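Trainee: Could you show me how to read strands and metal sites in a model, one feature at a time?

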Amino acid sequence: MNREEILARIHELKAKGVEVPTDAMIKTDEQIEGIRKASIVNTKVLDEVASQIRPYMSTHEIDEIVRIKSIEFGGKSAVYGYEGYPAYTCTSINDQVCHGIPSKKDILMPGDIVNVDCTTVVDGYFGDSSRMFLIGEVSEQRKKLCERVKAMLDEAFEALVPWETTLGDIGYLINRKATSYGYQVVKEVGGHGVGLEIHEDPYVCHVGKKHTGMLITPGMVFTIEPMVNEGKRHVFLDASNDWTIYTADGSDSAQWEYTIAVFEDHCEILAK
Ligand code: MF3
Ligand code: CO
Ligand code: CO
């Protein structure tokens with residue numbers, strides 16, 4: 001199906017009362033190719049971070065790896081200057097849920113867990129993904145949190161069926177799994193459409209009800225990026241920088257993110 005055929009099918013379903021994506025959420029094959037290229041660079045940048053990250057490194061050094069390697073691999077970090085964001089990546093340590101700002105003062109210590117979240121732009125197309133890294137010897141509890149959140153993301157991805165799964169199904173699966181471990185899922189920040197801009201509609205909530213919300217159709221490109229807290233789900237924004245989000249109870253938080261494209265009969269992880 002090309003974009004026109006997909007839209008025709010979507011409009012038919014809409015007439016029947018199904019909650020469907022807007023026309024703007026449906027990309028052409030050519031656009032998805034562009035997003036794929038950006039995502040490949042994004043994945044390579046994170047691979048580079050993975051190969052260099054080590055105890056006693058500052059998060060500023062990670063920012064430098066991201067800044068330099070993004071360019072070396074043919075792209076550019078998309079977050080620098082985005083709504084005034086002052087760095088090239090996000091580095092969120094332990095109880096930082098997301099949008100940790102790299103700093104020369106933040107030194108990765110043995111036992112820390114850190115999320116590195118990159119968005120790369122290539123030829124006007126965007127890819128977005130993040131991973132957790134374990135610094136030195138990490139407690140069993142923290143290791144489990146990181147592994148389990150990745151498994152939740154993988155499970156949600158594996159469950160995606162074009163023309164069948166809804167956004168609510170994604171949130172349902174992730175939240176069910178998280179709560180089964182006694183964890184809680186952050187609701188205030190979630191996944192999003194991506195590709196022609198850093199953040200596009202729809203919002204992808206990681207808490208949801210089965211068979212509710214928007215139908216997932218071919219042509220959609222979006223992230224799934226659950227933020228899961230060891231303790232309570234509540235979070236607060238650091239008023240001193242207006243970016244970094246922390247768990248309210250000081251418990252640890254982990255996150256993984258993929259950029260996902262939907263095709264006629266399967267979904268594909270573009271950036272991981
Ligand atoms: N990569 C982040 C996301 O997953 C976007 C961060 S925007 C920033 O949505 F400005 F905080 F970097
Ligand atoms: Co991201
Ligand atoms: Co994202």
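Trainee: How many bridges join strand β10 to β13?

Mentor: Before that, note that this is a predicted model in which local features need pLDDT of at least 70 and side-chain atom pairs count only at pLDDT 80 or more, while totals for chains, interfaces and linings use all residues. Residues are numbered from 1 along each chain as its sequence is written, chains are lettered from A and ligands numbered from 1 in the order written, and side-chain values use heavy atoms, without hydrogens and water. In general, strands of a sheet pair through backbone hydrogen bonds, either parallel or antiparallel. Here three bridges join β10 (residues 227-229) to β13, and the two run antiparallel; one of the pairs is M227 with Q255 of β13. Strands are DSSP runs of E with at least two residues, numbered from the N terminus, and two of them pair if DSSP finds at least two bridges between them.

Trainee: In what order do the strands of this open sheet stand?

Mentor: The order is β6-β10-β13, with antiparallel pairing. Because β6 (184-185) and β13 (253-255) stand at the edges with a single partner strand each, one side of each is left without a neighbour in the sheet.

Trainee: Which residues coordinate the cobalt ion (ligand 3)?

Mentor: Donors are N, O and S atoms within 2.8 Å of the metal (3.2 Å for Na, K and Ca), and sites may look incomplete since water is not among the atoms. For this ion they come from D128, H192, E225 and E257, at 2.0 to 2.2 Å. D128 also bridges to the cobalt ion (ligand 2), the two ions lying 3.3 Å apart. D128 lies in strand β5 and E257 in the loop between β13 and β14, so the pair ties together parts 129 residues apart in sequence.

Terms used
Helices (H or I, at least four residues) and strands (E, at least two) are DSSP runs, numbered from the N terminus.
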